[in-house]
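Here is a short tour of a two-chain model to read with the structure at hand. Keep the viewer open as you go.

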Amino acid sequence: MANPTGIGASVRRREDARFLTGRGTYTDDINRPGQTHAVFVRSPYAHARITGIDAAEAMRAPGVIAVLTGADMETDKVGSLPCGWLIHSKDGSPMKEPPHFPIARDRARYVGDAVAVVIAETREQAKDAAELVMVDYEELPAAVTSLKALEGGAPLVHDDVGGNLCFDWHLGDAAAVDAAFAQAAHVAKLDLVNQRLVPNAMEPRAALGEYDRATGEHTLTTTSQNPHVIRLLMGAFVLGIPEHKLRVVAPDVGGGFGSKIFHYGEEAVVTWAAKKVGRPVKWTAERSESFLTDAHGRDHVSHAELAMDKDGNFLALRVATIANMGAYLSTFAPSIPTYLYATLLAGQYKTPAIYAEVKAVFTNTVPVDAYRGAGRPEACYLIERLVEVAAAETGIDKAELRRRNFVPASAMPYQTPVALQYDTGDFAKNLDIALPLVDYDGFAARKAESARRGKLRGIGFATYIEACGIAPSNVAGALGARAGLYESAEVRFHPTGSVTVFTGSHSHGQGHETTFAQLVSERFGVPIENVEIVHGDTSKIPFGMGTYGSRSLAVGGSAIVKAMDKVERKAKKIAAHMLEAAEADIEVKDGRFVVAGTDKALTIGDIALQAYVPHNFPLDELEPGLDEQAFYDPKNFTYPNGCHVCEVEIDPDTGVVQVVSFAAVDDFGRVINPLIVEGQVHGGLVQGIGQALYENCVYDEESGQLITGSYMDYCMPRADDVPSFTVRYHEDQPCTHNPLGVKGCGEAGTIGASAAVMNAVVHALSEYGVTHLDMPATPERVWQAIRRHTPAQAAE
Amino acid sequence: MYAFTYHRPKSVADAVALLGQFEDPKLLGGGQTLLPTLKQRLARPSDLIDLGQIPELQGIREEAGGLTVGAFTRHAEVAHSETVQRVIPALASLAEGIGDRQVRNMGTLGGSICNADPSADYPAAVVALKATVRTDRREIAGDDFFTGMFETALEPGEIVTAVHFRTPDKAAYAKFRNPASRYAIVGVFVAVFGSEVRVTVTGAGPSVFRADDMEAALAQDFRADALNGASVSADGLNADIHASADYRAHLVRVMARRAVEACG
């Protein structure tokens with residue numbers, strides 16, 4: 001490789017020295033002169049009428065500056081937190097969109113709903129005073145699970161949302177599906193739950209609001225994956241602050257997994273309160289608060305049916321899903337179980353007819369929104385579990401059944417029956433790489449060896465596809481998005497040849513400072529240390545949409561390429577002038593601007609200097625400077641895909657599942673930094689394994705109290721829970737519609753892993769006749785499944 | 001955390017004197033339960049008396065047919081002590097399995113047994129190894145020390161100074177840990193003293209208990225298979241989102257078998 005920091009190089013992450021030595025600057029690290037501290041008074045009830053708030057005693061407590069309530073916000077005409085996606089029900093009616101105020105006004109709708117905020121000189125003083133705020137609650141019965149919330153007579157989360165039904169949506173051709181089922185030789189059916197998860201970013205959410213009385217400018221520093229989106233939503237819809245007077249900064253952010261996409265009430269409260277009290281106001285969540293108030297993920301209950309002909313060819317898929325929205329609509333909540341879920345139900349298969357119905361339900365729980373994978377893991381889990389059931393029932397080998405039904409590479413681009421058009425993908429190739437990698441043929445011998453040690457062994461597949469690189473703005477808009485989904489970039493060469501790149505993407509663990517700099521290093525031959533990546537500050541970067549849905553490189557990277565195209569075009573003109581050659585004769589080779597067929601050449605540094613010190617410059621044709629901006633709106637989604645294979649061993653005495661091997665073969669298109677890609681896959685796999693075996697968010701079904709409110713009960717996967725992963729990728733199927741050919745890798749691991757693990761678990765238990773188990777496959781669930789299916793033990 | 005006054009006495013006598021002086025004092029061992037409780041504002045002691053600087057509470061000594069372990073000995077010290085590994089290896093192995101490395105580097109033997117968490121590991125060893133709990137004023141038989149969930153025989157203001165464990169002929173501890181917290185969902189300690197076998201169970205019930213049937217079966221025939229007919233009733237066992245009472249009862253037998261097998 002010519003350039004050790006160019007495309008394809010495993011450059012070590014430049015940001016790691018900062019993060020690993022504790023030198024990052026996170027929101028809570030930032031302290032301002034005169035800063036005050038906010039602590040929220042939160043509802044201890046899942047559902048209660050707020051009949052009175054007496055803050056008199058709290059106001060007298062030491063250090064207290066203000067106690068503010070929903071009524072104060074109402075007086076100041078603070079608006080509702082907006083929802084960024086509009087879904088229409090089957091009957092054409094718009095989804096129910098009840099108001100979601102930053103601080104509850106008359107009703108608290110989940111445990112942790114903000115009821116008041118105390119602002120004091122110190123955090124401890126604010127906490128002390130928060131205990132003195134007397135809130136009169138009239139407790140109401142709560143609708144906690146989605147199924148119970150849909151039952152007749154269930155308590156209403158919002159009085160004007162009958163049946164707690166937010167929307168009843170569908171996608172696909174019901175008639176075609178019915179017709180196919182009528183012809184089916186075999187139908188596989190499955191009921192399954194995709195459990196609720198707590199996102200658990202390492203850094204809790206935090207927000208710091210400031211107001212400059214002299215200039216009238218507001219600044220919000222916040223733990224966000226998309227500061228411009230927060231500025232737009234909060235400025236325009238909640239607080240009524242015009243963009244030019246509102247700066248939103250998302251500095252170093254310690255993980256998001258989706259949970260930091262959304263505009264949260266705390267951000268609006270500190271921004272509003274900073275002006276009210278005339279001093280900066282900071283709030284930082286404690287971990288217990290994160291459990292209670294970060295938007296949760298998943299929470300689907302589904303029924304699925306797959307129709308096949310006598311040879312196992314898929315004829316049609318029918319899916320009915322109930323999705324829990326929580327108490328209010330979080331920013332992108334309605335899009336997750338619809339356009340990011342049902343559109344992926346074709347998976348890698350050429351199933352000709354698909355019909356999906358999704359009911360979204362309000363409950364007295366914290367809002368549910370995007371969580372790593374966001375809809376796509378739910379789709380993959382459903383399809384891949386159903387395919388495994390189909391293989392078991394038809395007796396067709398599970399790898400063969402998949403291969404038989406794959407969309408062939410020759411059929412690309414492929415229009416699915418659920419609205420997407422896959423551009424590239426060679427699914428059989430992924431499988432061909434995976435099978436020898438995991439020694440599929442040797443499984444029986446390994447199973448026998450496990451059996452000699454008293455262990456059960458299973459192997460499970462997941463062949464996944466996801467729609468990433470979100471999204472063509474016009475398509476998203478037609479589907480209900482209330483925002484564009486392009487990305488911005490600015491590439492600014494400095495006079496001495498170093499470069500600052502401003503990106504609308506946001507890095508909160510993805511390594512953009514490395515990968516994005518590699519793009520510039522490759523293009524212009526600039527050493528990577530001369531490239532600075534700037535993100536996360538609306539006062540510096542052009543309007544950007546941020547990072548989620550594995551979009552940063554595919555969309556944000558493409559915007560950087562577009563800006564670099566402009567830089568190159570201008571640099572060529574300057575070079576032609578400097579080298580006294582025709583512009584058409586200037587070629588860019590290894591980052592140098594060369595007059596074709598000669599040894600006359602300039603570096604980009606030479607050109608940048610002339611651009612800013614334009615003594616020998618075509619001033620009559622060109623403006624000085626070398627600083628270009630671009631916006632890139634994708635033409636299609638990107639479609640990362642792959643084949644994951646997991647092997648587990650189960651101790652039948654205890655039910656403990658051990659993942660003994662995991663191989664991931666992925667097609668991410670072109671890979672810029674293999675080291676970072678591999679790291680993203682590892683992290684994703686651990687998260688997917690976490691869902692399959694460990695993580696489970698449990699609310700008490702009657703009281704709505706969060707039972708898994710700490711790490712004592714909410715089980716996160718740990719390093720010693722997972723094996724050393726085998727990760728492979730190929731670059732034979734680059735994305736056809738973005739300039740880098742990249743597809744995105746951030747969510748893939750999570751999307752494939754849960755299904756692969758559960759398929760392996762069920763396979764291991766199949767000798768007992770177990771056909772399905774819901775996640776997480778905890779030791780007791782596994783043990784109970786064995787016991788249920790063992791006649792002697794069941795009788796015990 | 002609410003404000004409190006912090007004290008660090010240099011002797012047990014000073015600690016006892018301090019305890020008598022304040023309205024609602026609390027002794028601080030390794031803080032692995034107390035500090036999270038304080039951070040969550042679930043307790044509001046007026047004074048915290050840190051026992052970490054008292055030499056009498058430190059150290060591991062071989063004496064009187066067993067081991068004496070100072071109350072302020074941290075789990076990691078027990079786990080890594082050559083003396084413990086030589087005299088009662090099962091005790092070292094139990095300590096090595098507590099929580100995680102950070103917990104073991106802070107948590108103490110005295111803190112653990114005084115808190116008497118139903119899912120703590122040490123209570124199983126205290127009862128199985130016929131321990132004697134020494135305090136500032138008396139000795140308490142290990143069998144009598146744990147009186148219920150989070151309850152002990154200690155009087156108000158009584159300070160545990162050390163625990164003397166008797167050396168068994170052989171012993172082993174098998175633990176089924178909670179995957180989230182890594183406390184014991186079920187922990188079974190098996191110890192053999194001549195013809196006597198002790199089988200103690202932690203995690204499964206409100207407090208550590210002896211599995212009488214299993215002890216009798218193993219006294220007759222010290223093999224894992226001897227436990228086939230013995231069981232623990234699920235009645236009265238703990239149940240939570242991680243494990244039902246039935247499952248815990250089942251795990252007691254599985255862990256007992258494993259402990260017996262580990263005794264060699």
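## Where the chains meet

How many residues of chain B are in contact with chain A? Eleven residues of chain B contact 13 residues of chain A, contact being C-beta atoms, placed from the backbone, within 7 Å. Helix H11 (residues 245–263) of chain B gives the most to this side, with three residues; helices are DSSP runs of H or I, at least four residues, numbered from the N terminus. By class, the side of chain B that touches chain A has eight nonpolar, three polar and no charged residues. Here Ala, Val, Leu, Ile, Met, Phe, Trp, Tyr, Cys and Pro count as nonpolar, Asp, Glu, Lys and Arg as charged, and the others, Gly among them, as polar.

## About the model

This is a predicted model, in which local features need pLDDT of at least 70 and side-chain atom pairs count only at pLDDT 80 or more, while totals for chains, interfaces and linings use all residues. Residues are numbered from 1 along each chain as its sequence is written, and chains are lettered from A and ligands numbered from 1 in the order in which they are written.

## Two packed helices

In chain A, helix H15 (residues 512–524) packs against helix H16 (residues 552–578) at about 35 degrees, with axes 11 Å apart. Axes are lines fitted to C-alpha atoms over the stretch in contact, and angles run from 0 to 180 degrees between N-to-C directions. Among the residues making the contact are Phe516(A) and Leu519(A) of H15(A), and Ile560(A) and Met564(A) of H16(A). The contact has seven nonpolar, four polar and one charged residues.

## Domains of chain B

An automatic or database assignment gives chain B domain 1 (5–50), domain 2 (60–166) and domain 3 (170–263). The C-alpha centres of domain 1 of chain B and domain 3 of chain B are 34 Å apart.

Technical notes: Contact = placed C-beta atoms within 7 Å.
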